[in-house]
Amino acid sequence: MNTNSTGIPFYLTTTLPYVNSEPHIGFAMEIVRADAIVRYKTLLGYDVFFNTGTDEHGQKLYDGAVKEGKSTEEYVDGYAVKFKELLPALGISQNIHFIRTTDTHHISGAQELWRRVRDNGFIYKKAYQTKYCVGCELEKTDSELIGGRCEWHPNAEIQLIDEENYFFKFSAFQESLLELYKNRPDFVIPDFRMNEIVSFVRSGLQDFSVSRLRSKMSWGVPVPDDDEHVMYVWFDALANYITTLGWPEDTEQFEKYWCNGTPIQYAGQDNLRQQSAMWQAMLMAARLPNSYQIHINGFILGSDGRKMSKSLGNGVNPIQLLNYYGCDAVRYYLLHYVNPYDGSPVSYESIYQRYNADLVNGIGNLTSRLMNLAEKHLEGYPAPLEKDLPQHWLIHFENFRPDLACDVVMQSVSELDQAITLTEPFKLVKTDPEKAKALLVEYVEKLSIIATMLKPIMPEMGEKIQKCIQENKKPTEPLFPRLEMFSPETK
């Protein structure tokens with residue numbers, strides 16, 4: 001391998017999904033994309049810390065528990081288990097750290113963050129009135145509403161809040177945030193999201209509420225030194241990115257991965273403001289280092305062309321897809337055919353088409369075809385030595401573009417398949433066996449490189465192909481069996 005980054009700290013976190021319903025394909029997309037980057041970095045020798053988890057406080061969860069007649073704790077526990085169980089089903093790296101915002105350590109860490117921000121003069125109390133979307137857990141101005149509804153949660157009633165709360169002095173950080181963006185023009189990826197957040201901050205920042213009255217909504221982290229209030233869910237939840245590292249007690253791990261590493265966050269486009277402005281201002285207020293980079297994912301679109309959403313009920317169930325096509329096939333589709341930054345439609349038909357074209361007829365057929373020849377004619381040959389990976393594959397992963405890295409893989413598959421067809425080693429073994437063997441050795445080496453490139457994308461399949469090569473055996477069964485198209489009605 002031509003890149004060695006042994007021991008360099010690398011930190012990557014997803015956002016924490018809200019545990020108010022079953023996991024949907026949007027969460028699967030984000031965690032698989034992050035996992036592919038983590039596996040790539042691990043392959044190159046980085047010292048990786050990978051974080052995900054569940055966001056378990058706030059009005060939406062409290063209301064959901066009341067509606068189902070459960071305690072809020074029972075309600076969030078049930079959904080948190082489902083999100084955690086999805087990780088191994090998606091082939092997520094075993095060294096991932098899974099944090100719940102109801103964890104005792106997280107709660108104490110969020111309270112310490114509050115104290116530091118408060119003691120530095122950036123939290124105060126006042127009475128206020130505002131319109132509030134429970135779906136976003138965000139205040140809304142009239143200009144942000146469409147027909148009196150939130151554009152992201154049109155099925156949710158806008159609530160009116162009229163109470164005395166604690167506020168964060170967001171307005172004090174306008175210039176500091178603009179300076180951060182100026183000094184780090186790639187702080188937010190892609191660039192059009194960077195332009196959005198710069199425009200938002202330049203337009204003027206309003207202080208926002210960071211607490212709720214316990215008498216009205218008791219499910220939250222208690223505000224330090226005030227039993228009448230609990231923390232606003234975003235103040236609590238955003239703190240997970242550092243409490244997961246053991247902050248504030250574990251200074252060694254925090255300094256290694258956050259201060260001296262490159263803390264990178266994945267988030268959806270409806271999280272742009274929270275991750276790249278609110279959270280960064282909170283870190284500044286606590287006098288802690290900012291994140292290194294924020295990657296803003298585009299939405300997965302449903303068949304109706306709208307954002308795939310739990311609240312809209314237009315989602316694709318990832319568990320059903322995993323059970324039918326298998327982990328690697330679902331990972332491959334999400335990584336290759338869902339654009340990282342623009343909205344991409346996902347349908348059962350498109351998944352089926354790519355499964356057949358790329359996996360059954362592409363990778364699966366090539367491996368079976370080539371290794372059948374190798375097993376017959378390369379007996380006693382040693383497994384190929386690891387070769388340098390293609391530079392363009394490395395560059396695409398360095399740029400957080402696994403979709404383009406998948407293009408390189410499939411181009412390599414196509415080129416190798418064409419080479420076998422053109423040179424016909426299966427015929428040469430009869431007329432020129434030494435030349436045939438030399439070609440087969442070359443082709444198996446190329447297949448080995450393909451298998452290595454597959455490991456971050458389809459980890460199980462990459463290992464299976466490497467094992468076939470090491471044992472000089474063809475697959476005992478199809479790597480990707482032929483299937484009918486899946487639909488929710490498929491038995």
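Is F122 buried or exposed? I looked this up in a predicted model, in which local features need pLDDT of at least 70, side-chain atom pairs count only at pLDDT 80 or more, and totals for chains, interfaces and linings use all residues. Residues are numbered from 1 along each chain as its sequence is written, and side-chain values use heavy atoms, with hydrogens and water left out.

**Entry: F122 and F173.** I found F122 at 18% relative accessibility, so F122 counts as buried (under 20% relative accessible area, with exposed over 50% and partly exposed in between, for a 1.4 Å probe and protein chains only). F173 is buried too, at 5%. I then checked their rings, which form a tilted aromatic pair with 4.8 Å between centres and 50 degrees between planes (rings of Phe, Tyr and Trp, the last by its six-membered ring, pair if their centres lie within 6.5 Å; planes under 30 degrees apart count as stacked, over 60 as edge-to-face and the rest as tilted).

**Entry: other rings.** By this rule I have a count of 30 aromatic pairs. For W114 and Y166 I noted centres 5.6 Å apart and planes at 85 degrees, so this pair is edge-to-face. W114 is buried at 1% relative accessibility, and Y166 is buried at 16%. I also noted a cluster in which ring pairs link Y11, F49, Y241, W247, F254, Y257, W258 and W279.

**Entry: K41.** I looked at the charged end of K41, which sits over the ring of F10 at 5.0 Å from its centre and over the ring of Y46 at 4.4 Å from its centre (NZ of Lys or CZ of Arg within 6 Å of the ring centre and within 35 degrees of the ring normal).
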